[in-house]
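Subject: Model for your files

Hello,

Please find the structure below. My notes on it follow.

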Amino acid sequence: MASFSFGAGNARKLATIPLYAAGRLLTLVVPRSRDEWVFGCAVGIGDGALALWDAMAADAPPAVWLVASDREARDAAARGIPTVRKNSWRGLWRTARARVIVVTHGFGDVNRYAVTGAFVVQLWHGIPLKRIGLDSPETLRVPGVVAGTPLAPVLRGLLRTMYRAAARRIRVLPAASHLVRGRLESAFALPDTAVPVTGDPRVDVLSQGAAADRRVTARAAIGHAVPRLDPASRLVLYAPTWRDGAADPAVPTADEWTRIVDVLTRHDATLLVRSHPLGAGEYTPPFATDRVQSLGSDLVSDVTPLLPGMDALVTDYSSLAFDAALLPLPTLFLAPDVEEYARRRGFYGAYRDVAGDDWSQDWTGAVAQLDALLADEAERERRTARSRELSARVHAHRDGRNAERVYLAILAGTAHARPREGTR
């Protein structure tokens, strides 16, 4: 069952309007510091926020990571990163005092009620294929109990106003390329000056160092997360995207599981299933097998650094397809609900622009393509070349220095916009 939907999330947002108002009053009377930073990330200690943290470490500005769980606190401690619980009074205070606030998903990555007045850096979490923000009708979905009533248009208008007001607080939102820049400007209603083409910090790990070293490191991390994994096995990552609270239509049937495992066994391969953190499908075969293993967010919070250890990717509309293109990694597309997804969520451009014209609509087709990919080097190279072409379209930088460019953009921005300062 899915764990989140826009309707439920928007219901909570509307219910907490008084808390937003109280937070706004707090930020009016509490002066922001000269140089303190706070970081937050919905998926834990990782993603672009971690890359940016490492990039600014040499300058060592006063900084803290706001965490939501004991696990995140432990992960941060292992890296020597100081933490504060984001929903504590200290988390509220540190957010209200911070000069710079760094998030990867939304203001809920930190203490959402004390963001106003800070220099907000929204790193986002991938190149969008599916429409996001104000470009997607899903963003303004109202709770089911009022959908279809005269109150629904009023609530959608209020939500739109709230989203626009939140977006106006963003001062830097890095883009991977000029193509991606246009999408982000539209989704967040931001001017060109707020969306520099610096590259995405979260994918620096896919460009730094030698390819062979990246693969060794990634395979070791995968083996640590999945102890039962045969270290010699070829690895296929399956990463379906979130369906906005709806059921996942791509869960295999019993017969499809049999076909999947047969192909994996013949090619000495393992399917690593990575359901989206905000939704989960029942991706468990109806029989015992080691050829299918979970690689969920409970095991690995950030899967991007593990991509060099994979031999193929299977996905639908996930931004991982753009990340994998940097390597480049051969990618197969399994999308049983393209028309419905396009109607409900929408795409930037046409789906075929990314997936080609040969995406599969069910696991029978996907397994046949996977069989060919694992068996035929020419087919593997064809898929790899397609990923390479995709990378050329969406990534302006491939030097592993995106986080450095973002850090410089932040320094330039804060130099021209000093806060109302108080004592530290």
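Predicted model: local features only at pLDDT ≥ 70, side-chain atom pairs only at ≥ 80, totals over all residues.

Residues are numbered from 1 along each chain as its sequence is written, and side-chain values use heavy atoms, with hydrogens and water left out.

Overall dimensions

The radius of gyration of the protein chain is 22 Å, which agrees with the value near 22 Å for a compact globule of 424 residues (taken over C-alpha atoms; the rule is 2.2 Å times the number of residues to the power 0.38). Along the principal axes, the C-alpha atoms fill a box of roughly 65 × 55 × 40 Å. Of the 424 residues, 54% count as buried (under 20% relative accessible area, 1.4 Å probe, protein chains only). Among contacts with a separation of 6 or more, 69% come from residues 24 or more positions apart (contact: heavy atoms within 4.5 Å).

The sheet

The protein chain has 15 helices and 11 strands (DSSP runs numbered from the N terminus: helices H or I, at least four residues; strands E, at least two). Six strands form an open, parallel sheet in the order β3-β2-β1-β4-β5-β6 (two strands pair if DSSP finds at least two bridges between them). Its edge strands, β3 (83–85) and β6 (170–172), each pair on one side only.

Strand β2

All five residues of β2 (residues 63–67) are buried, so the strand is largely enclosed by the rest of the structure. Ala-63, Trp-65 and Val-67 point one way, and Val-64 and Leu-66 the other. Three bridges pair β2 in parallel with β1 (residues 37–39), where Phe-39 stands opposite Trp-65. Three bridges also pair β2 in parallel with β3, and Leu-66 stands opposite Val-84 there.

Helix α3 (residues 47–56) lies in a right-handed β-α-β unit with β1 and β2, and helix α4 (residues 70–78) in another with β2 and β3 (right-handed: with the strands pointing away from the viewer, the path from the first strand over the helix to the second runs clockwise).

Strands β4 and β5

Four bridges join β4 (residues 100–103) to β5 (residues 119–122) in parallel. Val-102 stands opposite Val-121 in β5.

Regards

Conventions:
Buried < 20%, exposed > 50% of the residue type's maximum accessible area, 1.4 Å probe, protein only.
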